[in-house]
Amino acid sequence: MTDKGSNRTITMKDDESGKTASFPIMNGTAGVPVMDIRSLYKEMGVFTYDPGYTATGSCKSEVTFIDGDEGILLYRGYPIEQLAEKSDYMEVCYLLMFGELPTKAQYDKFVYDISHHNMVHDQINNFFRGFRRDAHPMAVMCGVVGGLAAFYHDSLDINDPRHRMVAQYRLVAKMPTIAAMAYKYTIGQPFVYPRNHMGYAENFLHMCFSTPCEEYKVDPVISKALDTIFTLHADHEQNASASTVRLAGSTGANPYACISAGIAALWGPSHGGANEQVLNMLEEIGTKDKVASMVQKAKDPDDPFRLFGFGHRVYKNFDPRATVISKAAHDVLNTLGIHDPLLEVAVELERIALEDEYFIKRRLYPNVDFYSGFILKAMGFPVSMFTALFAIGRTVGWVSQWNELIGDPEQKINRPRQLYTGSAARDYVNIGQR
Ligand code: SDX
């Protein structure tokens, strides 16, 4: 990975000491240039302060590019709109993992290899017995995916590219199986094994909705919509969960532990957990006539409530994934003849919010989570499974970013600094003197 070097620098001057220093600007293929401040402390004796890393580049990456102002999302340079329309999730996985679209032979071998690694060690079934039946599927997935580290001692030399690739294949292949097992466990049904001849999304639907008594007939409209959802969620640059995977990976931790950490971070309602909260929020609103009051609540600076499915750290324009998912939601519900009154509430909420000065001024638009739940609900998934499906789609992005991190010679253990605002040094006082 080379930055498009230039001679441009930014010079800083300390008004107090008069000390100056210049820091080089690095240009990427596209997007915002970065200022290399690695020598800042040595040159100027200060650290940067950037809570939430809103203006901090943590790495160089070739995987995904986002232009938040223009609403652009590229996977290895290919626009998400084109991939959603013309590609499929397995091809997108190959693209993210290997950097190029596969030939037909490469595609067929990749699909074969993934579909022949989708089973989990039978001992893993016992993990589930320890959970309560009403455990949240994301809690189960954190535990079970992290536990994979206990089963794969044959591919843990993270400095061996082949070991890293084996771990990536296993994680992409097994995530749907584990998610389906988490779902089956919570509804008290027996686990359903994957079928190697089925497509990725089709197999997941089979594992979730078939029973020993009756095969689930996968509707191609549903499996295509789910495949598209996995594609739209596959990666997203340095989002919170990908950054979590990278941070864990920077310590040399086991890849399965790193992805388990990513699942934990994704679960948060400000991140991947929002898709579940959108439906809960719409249920709470109930009807179109109550939308305005919920919007007022979201605008109230004294109220911590935020409209779930709205806003984004990077997109200050429409999230291109939301545009694709919104159309897919309407298409799937129309095709299946499903009338979901909450969809009308969502459309009204979007209309009101997009006309409201508060949202316009802050450039808050619907994000990927706003409409995805309608499709997942129409497929028959409970709200509690929504973020688990997000995790299935995102696993390939996590492992692709993890692999890039481990192979990046510039990377070292991630260890941010701080501004200390606690007590100055003080001596211990015995309890009798306090
Ligand atoms: C995902 O990073 C990624 O790429 C994530 C993701 C991915 O694919 O990995 O895209 C997936 O996580 C999408 C986001 C899902 N989360 C939600 O839908 C939760 C609701 N959204 C907000 O919590 C918020 O918009 C965030 C967390 C998504 C972004 O927060 P930021 O960038 O820290 O923005 P902010 O909180 O600084 O907001 C700026 C202003 C604030 O108002 P002021 O203090 O300036 O007055 O906008 C307001 C916020 O109060 N605001 C909202 C709002 N989101 C931001 N007000 C009401 N409702 C909202 N949803």
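Two strands count as paired if DSSP finds at least two bridges between them. Helices (H or I, at least four residues) and strands (E, at least two) are DSSP runs, numbered from the N terminus. The model described here is predicted: local features need pLDDT of at least 70, side-chain atom pairs count only at pLDDT 80 or more, and totals for chains, interfaces and linings use all residues. Residues are numbered from 1 along each chain as its sequence is written, and side-chain values use heavy atoms, with hydrogens and water left out.

Strand β1 (residues 9-13) runs antiparallel to strand β2 (residues 20-26), and five bridges join them. Within this pairing, Thr11 has Ser22 of β2 as its bridge partner, and Lys13 stands opposite Thr20 in β2. The two strands make a hairpin with six residues between them. In the turn, Gly18 has a positive phi of about 80°. The sheet is open and has three strands in the order β1-β2-β3, with antiparallel pairing. β1 and β3 (34-35) are the edge strands; each has a single partner strand, so one side of each is left without a neighbour in the sheet.

## Strands β4 to β6

Another open sheet consists of three strands in the order β4-β5-β6, paired antiparallel. The edges are β4 (64-67) and β6 (78-79), each with a single partner strand, so one side of each has no neighbour in the sheet. Four bridges connect β4 with strand β5 (residues 72-75) in the antiparallel sense. Phe65 has Leu74 in β5 as its bridge partner.

## Helix α3

Helix α3 (residues 89-98) is mostly covered, with eight of its ten residues buried. Buried means under 20% relative accessible area, exposed means over 50%, and partly exposed lies in between (1.4 Å probe, protein chains only). The buried residues of α3 are Tyr89, Met90, Val92, Cys93, Tyr94, Leu95, Leu96 and Met97.

The N-terminal end of α3 is capped by Asp88, with a side-chain oxygen 3.2 Å from the backbone nitrogen of Met90. After the helix comes Gly99, with a positive phi near 95°.

## Aromatic pairs

The structure holds 26 aromatic pairs. Rings of Phe, Tyr and Trp (its six-membered ring) pair if their centres lie within 6.5 Å; planes under 30 degrees apart count as stacked, over 60 as edge-to-face and the rest as tilted. The rings of Phe110 and Tyr169 have centres 5.4 Å apart and planes at 65°, so this pair is edge-to-face. It links distant parts of the chain, with Phe110 in helix α4 (residues 104-115) and Tyr169 in helix α7 (residues 161-186), 59 residues apart. Phe110 and Tyr169 are both buried.

Tyr371 and Phe374 form a tilted pair, 6.2 Å centre to centre with 45° between the planes. Both lie in helix α17 (residues 369-379), three residues apart, which is about one turn of the helix. Tyr371 counts as buried at 3% relative accessibility, and Phe374 is buried at 0%. Ring pairs also link Tyr89, Tyr183, Tyr200, Phe204, Phe209, Tyr216, Phe230 and Phe381 into a cluster. Of these, Tyr89 is also one of the buried residues of α3.

## Ligand surroundings

The ligand is surrounded by 23 residues, the closest being His236, His312, Arg313, Arg321 and Arg394. A residue is near a molecule if one of its heavy atoms lies within 4 Å of it. The shell divides into nine nonpolar, eight polar and six charged residues. In this grouping, Ala, Val, Leu, Ile, Met, Phe, Trp, Tyr, Cys and Pro are nonpolar, Asp, Glu, Lys and Arg are charged, and the others, Gly among them, are polar.

An N or O atom in the side chain of Arg321 is 2.6 Å from an oxygen atom of the ligand. Arg394 has a polar side-chain atom 2.7 Å from an oxygen atom of the ligand. A nitrogen atom of the ligand lies 3.0 Å from an N or O atom in the side chain of Tyr358. The protein covers 75% of the 1100 Å² of accessible area that the ligand has on its own (Shrake-Rupley method, 1.4 Å probe).

## Ser423

Ser423 lies in the segment after α18 (386-406). With a relative accessible area of 39%, Ser423 is partly exposed. Its side chain makes a polar contact with the side chain of Arg426 (3.2 Å). A polar contact is a pair of N or O atoms within 3.5 Å; within protein, one must be able to donate a hydrogen and the other to accept it, and residues adjacent in sequence count only if both atoms are side-chain atoms.
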